[in-house]
Amino acid sequence: MTATSPAARPGSSAQPGPAPITRPADALAALVAGNRRFVSGRPEHGHDVAAAAATSGGQQPHAVVLGCIDSRVPLEAIFDQTFGSICVVRSGGEVVDRAVLGSISFAVSALGVPLIMVLGHARCGAVAATVDAVRSGERPDGDLGYLVDEITPAVQAVGPEDPDAAEKAMRVHVTRTVRRLRDMPGVAQAVAAGRVDVVGAVYDLDTGWVEQLP
Ligand SMILES: [Zn+2]
């Protein structure tokens with residue numbers, strides 16, 4: 001166990017903060033509840049400087065969420081999470097590279113997060129670009145091509161000519177990414193021991209709902 005010791009949560013001097021969330025199921029429940037608050041228009045957390053200062057002494061986040069860079073999917077907001085609650089990693093199409101893997105690894109091994117979530121979303125530009133690239137046979141040059149290469153297997157799996165290829169491929173891509181993270185060194189053992197879970201989910205741009213994938 002390499003998690004940091006339960007850090008003091010100096011949220012208030014009068015009362016101790018809430019107990020840290022250390023079980024995967026509890027962490028998932030916290031995200032689900034936060035998303036419900038967001039959707040219902042009753043978020044608990046503002047992002048004011050007092051909340052930032054309350055966690056300045058240490059952190060024990062309960063999840064690391066890997067999401068897309070899409071500006072419409074701000075992760076702390078859609079899960080109604082506050083300072084110190086979740087680690088966030090974002091890349092185009094939530095594509096994994098070494099920096100992403102290292103960051104998730106750090107969250108699990110050094111910060112002791114019990115939950116890894118991969119979050120895709122509807123109408124993802126990176127997935128749409130990949131569908132276009134596969135259909136046309138024209139792979140983008142440079143680093144954008146890396147994103148396309150990483151999403152291409154999901155597009156191939158659903159069939160690029162499927163009219164709903166982008167939506168279906170996005171879900172397959174999330175599921176494939178979940179499997180990849182599950183097998184990461186350091187994560188696989190923690191998953192086997194029940195200390196960590198890896199889940200996939202999809203965000204609906206219109207409603208704000210996060211749907212967990214099976
Ligand atoms: Zn996206």
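1. Ala 63 lies in strand E1, which covers residues 63–68. The model is a predicted one. With 25 other C-beta atoms within 10 Å, Ala 63 is buried, because 20 or more is the cut-off for that class.

2. Once neighbours within four places in sequence are left aside, the contacts of Ala 63 are Ala 27, Leu 31, Ile 86, Val 113, Leu 115 and Met 117. Ala 30 is 33 residues from Ala 63 along the chain, and their C-alpha atoms are separated by 9.4 Å.

3. Met 117, under the same exclusion of neighbours within four places, is in contact with Leu 31, Ala 63, Val 65, Val 199 and Ala 201.

4. The largest nonpolar core has 55 residues. Ala 63, Val 64, Met 117 and Ala 169 are the residues with the most contacts inside this core. Helix H7 gives the most to the core, with 8 residues.

5. Helix H7 (residues 165–182) also packs with helix H5 (residues 125–136), at an angle of about 115° and with the axes 9 Å apart. The two helices are therefore roughly perpendicular to each other, and H5 passes H7 in a right-handed crossing.

6. On the H5 side, Val 127, Ala 128 and Val 131 take part in the contact. They meet Ala 165, Ala 166, Ala 169, Met 170 and His 173 of H7. By class, the contact has 7 nonpolar residues, 1 polar residue and no charged ones. Ala 169 belongs to this contact and is also one of the residues with the most contacts inside the largest nonpolar core.

How values were computed: Residues are numbered from 1 along each chain as its sequence is written. This is a predicted model: local features need pLDDT of at least 70, side-chain atom pairs count only at pLDDT 80 or more; totals for chains, interfaces and linings use all residues. Axes are lines fitted to C-alpha atoms, for helices over the stretch in contact, and angles run from 0 to 180 degrees between N-to-C directions. Helices (H or I, at least four residues) and strands (E, at least two) are DSSP runs, numbered from the N terminus. Angles under 35 degrees count as roughly parallel, over 145 as roughly antiparallel, 65 to 115 as roughly perpendicular and the rest as oblique. A crossing is left-handed if the near helix is turned anticlockwise from the far one by less than a right angle, and right-handed if clockwise. Two residues are in contact if their C-beta atoms, placed from the backbone, lie within 7 Å. Ala, Val, Leu, Ile, Met, Phe, Trp, Tyr, Cys and Pro count as nonpolar, Asp, Glu, Lys and Arg as charged, and the others, Gly among them, as polar. A nonpolar core is a set of buried Ala, Val, Leu, Ile, Met, Phe, Trp, Tyr and Cys residues joined through C-beta atoms within 7 Å. A residue is buried if 20 or more other C-beta atoms lie within 10 Å of its own, exposed if 12 or fewer, and partly exposed in between; C-beta atoms are placed from the backbone.
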